[in-house]
Amino acid sequence: MIPEFKKIIKNEYYQIIAGIVFGLILIGVFINKKMFLSVFAIIGAFFIILNLIRLIDVLNGNKTNLKKLIKGTVLAPIILGLFVGFVGNEFKHLENTINDSEIFREFGIYGLIFSIFIVILRYSFKPKESRKFSFSGLFASLIVFPLLFISCVTFINRYKAKKQLNPMESIVWEKESEIDEKDKNDSQFWIFTNVGIHQEKLKIKPELWNKLQKNDTILLFLNNGNLGYEIVERIEKKPTANNPI
């Protein structure tokens, strides 16, 4: 039984079928999940593409160089997908981080400095005869590292952050919305309020946005961020005598 099983595993057709099925499962499970988890659906799609390429090679009698194929066709898109998913997810959390502009400005600058340092370091370690300054590499680094620094700081700040015992009261002094006529689910709603000394623009759910008016009092339930930046966990309208809920 075991030798037959090993024979099946080594059969390239079975490997291809297993890879395609695995990709379909990833897509089916994660396609409608939140942005970070939906990256696994992208990985599933590339599993399918990889194995379809293998199938074409097998049918043509060619031997697939898996290492080269994975590196060129799958690995780079997967890394890019994970990066985009991670950054997108953390920027959503950054929106409801108090004094987020400081994180964006300060750690964005650190990322720019680090990117320039990396490019210069790579250039310096190349043999003199093959040294060539890469403006495309510099441009990519100037985008990637600032976004990565900001996202990592946001994640570290919010990870297992402790809740404050009591909510903070604040006043809504402005409301704003961006309605997507094609897809209402993509519409966005914000309120403007003060949190301590900071003027904040906070993203909220449409149900709460519809209940709130200018000068209403709200309750901010905050978490103490690990790096000192408070995080708004949720927002509620403060009950009044006329409107207890």
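The entries below go from the overall layout to the rings and then to the cores.

**Ground rules.** I am reading a predicted model, where local features need pLDDT of at least 70, side-chain atom pairs count only at pLDDT 80 or more, and totals for chains, interfaces and linings use all residues. Residues are numbered from 1 along each chain as its sequence is written, and side-chain values use heavy atoms, with hydrogens and water left out.

**Layout.** I found 7 helices and 6 strands in the protein chain, taken as DSSP runs (helices are H or I of at least four residues, strands E of at least two, numbered from the N terminus). I read their order from the N terminus as α-α-α-α-α-α-β-β-β-β-α-β-β. Of the 245 residues, 31% are buried (under 20% relative accessible area; exposed is over 50%, partly exposed in between, with a 1.4 Å probe and protein chains only).

**Rings.** I noted 8 aromatic pairs (Phe, Tyr or Trp rings, the six-membered one for Trp, with centres within 6.5 Å; planes under 30 degrees apart are stacked, over 60 edge-to-face, the rest tilted). Why is the pair of F114 and F149 called tilted? Their planes stand at 40°, so the pair is tilted, and the ring centres are 5.5 Å apart. This pair links distant parts of the chain, since F114 sits in helix 5 (residues 100-125) and F149 in helix 6 (residues 135-158), 35 residues apart. Elsewhere, ring pairs join F86, F155 and Y159 into a cluster.

**Charges over rings.** I saw K201 over the face of W190, at 4.4 Å from the ring centre (NZ of Lys or CZ of Arg must be within 6 Å of the centre and within 35 degrees of the ring normal). R234 lies over the face of F221, at 3.7 Å from its centre.

**Cores.** Which residues touch the most other members of the largest nonpolar core? I listed I191, I204, L212, I218, L220, V232 and I235, out of 15 residues (a core is a set of buried Ala, Val, Leu, Ile, Met, Phe, Trp, Tyr and Cys joined through side-chain atoms within 4.5 Å). Strand 3 (188-195), helix 7 (206-211), strand 5 (217-224) and strand 6 (231-237) each supply at least two residues of this core. Apart from it I marked another core of 6 residues, including F107, I150, V153 and Y229.
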